[in-house]
Amino acid sequence: MQLRMWQVDAFTSAVFAGNPAAVVPLDAWLPDATLRAIAAENNLSETAFLVREAEGYRLRWFTPKLEVALCGHATLATSYVLFRHLEPALERVVYQSKSGPLTVERDGDRMVLDFPEYQQEPIAPPATLIEAIGMAPLETYLGIKLMAVLPDEAAVRAARPDFSKVVTLPGFGLILTAPGTDCDFVSRFFVPQGGIDEDPVTGSAHCQLTPYWAARIGRNALHARQVSARGGELWVEHRAPRVRLTGHAVQYLEGVIEV
């Protein structure tokens, strides 16, 4: 069987930056084992699969190890493919997903994702967290992900987490964040639990970051950077109980895979 596939760099306007995602449109769902095998073969943070339904599309995301409930950068990449190649007249799409309906719309040369916000509660930093990042965070929060607030951008950039300890922490992955030097806030995200030591740019992490920074800064619309080696840029807005994530995407590859 031949399937069309695109690889798109998300949350960037230039190739070789942002977060690469594979996008594979399907006529009908293949067995989950096949979807997992394709994602493992691609070996990207995420491979997105979409199927046309009576009312829009259903969207699913797989890391090289497992299916996840929400993925921002692969949703952005999918929307780029949909708007550019599959339905170029479309201005807005609603995806059905494990996280409920997700709306994406064009905004000039950018796209806007409407995602659920992630609730979190302050906690005392686990001892393993301090060991994992080599410092005590200023604040620690636990929601779907564990979030550690560091003093400044330099500390976030310099962090070299011990992944053998990160994988034992509560929550699905570790966010490190701090005020930015040329933006409102910066972050990095580590998720060895999902087969990704460091995710280059993470939309779902900003579902947890955005409400925190909006409250701390006192402004709902913010400019963010994820300061991984590849780097990425997002414009975020808190509209409780939702978060809007805006970014660019750029195509790297178009081809056909054999399964």
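Modeller: Before we start, note that this is a predicted model.

Biologist: Fine. Where does Thr47 lie, then?

Modeller: Thr47 lies in strand β3, which covers residues 46–53.

Biologist: And is Thr47 buried or exposed?

Modeller: Thr47 is buried, because its relative accessible area is 0%, and the cut-off for buried is under 20%.

Biologist: Which residues does Thr47 touch, leaving out those up to four places away in sequence?

Modeller: Leaving those out, Thr47 touches Ala22, Val24, Ala39, Asn42, Arg60, Trp61 and Phe62. With Asn42 there is also a polar contact from side chain to side chain, at 3.0 Å.

Biologist: What about Glu46, which strand is that in?

Modeller: Glu46 also lies in strand β3. Glu46 is buried and yet has no salt bridge, and the nearest side chain of opposite charge, that of Lys145, is 8.5 Å away.

Biologist: What does Glu46 touch, then?

Modeller: Not counting residues up to four places away in sequence, the residues that Glu46 touches include Pro20, Trp61, Phe62, Val68, Cys71 and His73.

Biologist: Changing topic, how many salt bridges does a search of the whole structure find?

Modeller: Searching the whole structure turns up 18 salt bridges. One of the pairs is Arg244 with Glu105, whose closest N and O atoms are 3.4 Å apart. Arg244 is in strand β17 (residues 242–247) and Glu105 is in strand β7 (residues 102–107), so this pair ties together parts that are 139 residues apart in sequence.

Biologist: Which residue does Glu139 meet in a salt bridge?

Modeller: The side chain of Glu139 meets that of Arg216, with 3.8 Å from N to O. This pair also links distant parts of the chain, since Glu139 is in strand β10 (residues 139–142) and Arg216 is in helix α6 (residues 203–217), 77 residues apart. Glu139 is partly exposed, with a relative accessible area of 27%, and Arg216 counts as partly exposed at 43%.

Biologist: And what does Arg225 form a salt bridge with?

Modeller: Arg225 pairs with Glu233, where the closest N and O atoms are 3.6 Å apart. Arg225 is partly exposed at 23% relative accessible area, and Glu233 counts as partly exposed at 23% relative accessibility.

Biologist: Which residues are linked in a network of salt bridges?

Modeller: Asp32, Arg60 and Glu67 are linked in such a network, and Arg60 has already come up among the residues that Thr47 touches.

Biologist: Stepping back, how many helices and strands does the chain come to?

Modeller: The chain has 6 helices and 18 strands. Its radius of gyration is 18 Å, close to the 18 Å that the globule rule gives for 259 residues, so the chain is as compact as a globular protein of that length. The C-alpha trace spans about 50 × 35 × 30 Å along its principal axes.

Biologist: What share of the residues count as buried?

Modeller: Of the 259 residues in the chain, 56% count as buried. As for contacts between residues at least 6 apart in sequence, 61% of them join residues at least 24 apart.

Key:
Residues numbered from 1 in each chain as written. Predicted model: local features only at pLDDT ≥ 70, side-chain atom pairs only at ≥ 80, totals over all residues. Heavy atoms only, no water. Helix = DSSP H or I, 4+ residues; strand = E, 2+ residues; numbered from the N terminus. Buried < 20%, exposed > 50% of the residue type's maximum accessible area, 1.4 Å probe, protein only. Polar contact = N/O pair within 3.5 Å; in protein donor to acceptor, adjacent residues only side chain to side chain. Contact = heavy atoms within 4.5 Å. Lys, Arg positive; Asp, Glu negative; His and termini not counted. Salt bridge = Lys/Arg side-chain N within 4 Å of Asp/Glu carboxyl O. Rg over C-alpha atoms; globule rule 2.2 N^0.38 Å.
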